[in-house]
Amino acid sequence: MSITTEVSLEAGNLAASAVLDDDGRPRRTGTVLTASAHIVTAVIGSGVLSLPWAVAQLGWAAGPPVMLLFGGVMYYTSTLLAECYRAGDPATGRRSYSYTDAVRAILGGTKVTLCGVVQYVNLAAIAVGYTIAASISMQAVWKANCFHARGHDAHACRSSSVPYMIAFGAVQVVFSQIPNFDQIKWLSIVASVMSFTYSGIGLGLAVAQTVANGAFRGTLTGVAVGAGGLTVMHKVWRTMQALGNIAFAYSFSNVLIEIQDTIKAPPPSEAAVMKKATAISIATTTAFYTLCGCMGYAAFGNAAPDNLLTGFGFYEPFWLVDVANAAIVVHLVGAYQVFCQPIFAFVESRAAAAWPDSAFVSKELRVGPFAPTALRLAWRSAYVCLATVVAMALPFFGSVVGLIGAFSFWPLTVYFPVEMYIKQRAVTRGSTKWICLKALAVVCLLVSVAAAAGSIAGFVGAFKAFRPFSG
């Protein structure tokens with residue numbers, strides 16, 4: 001080999017290393033700012049709409065402190081999870097590309113299976129929750145226009161949410177045939193714009209209503225026993241459900257590792273950058289959430305609806321309510337597919353491995369952006385239809401949100417990050433730090449159990465005056 005060739009090869013290798021990271025993937029360029037933006041986008045969503053109701057159950061004395069406490073727990077456990085992005089050495093250890101990858105690399109065994117089950121059940125529940133949220137927002141657009149035209153007490157403006165659920169499901173059946181829908185570049189931009197649009201409008205309307213009232217409404221202890229026939233037990237259940245609603249609003253742990261995987265290579269370490277980004281984003285969202293929850297409660301007091309924009313505390317300006325609810329629908333159309341794609345991929349990858357030569361599994365029919373196979377058409381359509389049917393049978397936004405928050409909070413936000421950190425950093429069993437971490441996990445488990453119990457009680461209470469599929 002000539003000297004010229006050797007120099008050429010060396011130059012080529014240097015050029016390749018300049019555009020690739022240590023794992024052979026394209027060089028990451030993320031910073032504290034971009035990671036913070038990704039986290040804020042992931043956190044702020046439809047969960048913000050139930051926060052005024054949650055604060056109403058807790059009252060002024062407990063509502064704001066509980067929201068701040070959840071923000072603190074989210075921040076701390078996120079810093080633990082950030083330490084687990086690389087297995088072993090924090091600067092040179094093997095990277096994880098997803099939450100499950102991190103669990104597999106550090107804990108392994110049956111805990112990987114448990115993590116997978118929790119994540120997939122959570123994703124399926126979110127599909128149901130988003131169907132409910134989108135349908136009642138579509139229904140609210142029609143109602144707002146009807147109330148504006150006929151008056152706020154018009155009985156003709158009452159309608160069922162079932163047709164809107166069917167319409168939303170039909171749209172999702174079509175969009176589910178677009179492969180890798182969650183990888184569309186402009187999707188996150190649209191989601192960010194929409195989520196800030198409806199959150200901002202909701203906050204603005206709450207502030208305006210509070211000003212119009214001339215005072216802050218609400219009480220120190222929230223909805224009082226005896227008001228509207230509320231019993232002591234009902235008060236307890238609703239307080240527990242409020243914890244689940246707040247937990248749902250804050251959830252983002254399942255995507256933290258993926259966000260961290262966008263950060264450029266050390267120095268400083270990805271963990272150090274992620275901790276700064278988490279501090280900035282959690283502080284921002286906690287302040288925003290506390291403001292939204294408290295101003296919504298200040299506007300409506302103990303009568304705060306379980307969905308700020310669809311409970312018709314606001315009737316005017318009707319067009320602004322329409323814009324906010326339309327933004328919710330647009331956001332949830334895309335978000336639904338983002339959360340369903342991992343489930344679709346899980347089933348289809350295993351089908352492809354089991355029957356690699358089957359035309360039913362692998363033969364695609366390309367039509368524009370759509371690429372259905374027989375399996376994809378049948379399986380994805382059936383999944384969306386099932387999620388829609390469940391939503392039609394359980395159209396209770398507040399209870400569904402509370403149950404999802406309760407189910408995901410302890411395992412994904414607390415348990416796995418704590419267990420991975422203990423093993424990753426070889427925390428001595430019985431040491432003060434080990435005891436504190438375990439105590440945190442136990443306390444948060446009790447919170448999740450209480451929130452789940454409260455949400456289930458909410459379902460039971462709602463069913464007493466509801467006929468399934470009637471909307």
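By class, the second largest pocket has a lining of twelve nonpolar, 14 polar and four charged residues (nonpolar means Ala, Val, Leu, Ile, Met, Phe, Trp, Tyr, Cys and Pro; charged means Asp, Glu, Lys and Arg; the others, Gly among them, are polar). This is a predicted model, where local features need pLDDT of at least 70 and side-chain atom pairs 80 or more, while totals for chains, interfaces and linings use all residues. Numbering runs from 1 along each chain as its sequence is written, and side-chain values use heavy atoms, with hydrogens and water left out.

A pocket here is an open set of points on a 1 Å grid over the protein atoms alone, with protein on both sides within 12 Å along at least five of seven lines; a cavity is a set where a 1.4 Å probe fits but cannot get out, and lining residues have an atom within 4 Å of a point. Points join across faces, edges and corners, and volume is the space filled by probe spheres set on them.

That pocket holds about 890 Å³. Asp306, Phe396, Ser399, Gly458 and Ala462 lie nearest its centre. Helix α15 gives the largest share of its lining, six residues (helices are DSSP runs of H or I, at least four residues, numbered from the N terminus).

Now for the three cavities of 30 Å³ or more. The largest takes up about 50 Å³, and α14 gives the most to its lining, with four residues. Its lining has seven nonpolar, two polar and no charged residues. The second largest cavity, about 40 Å³, gets four lining residues from α7.

Key
Helix = DSSP H or I, 4+ residues; strand = E, 2+ residues; numbered from the N terminus.
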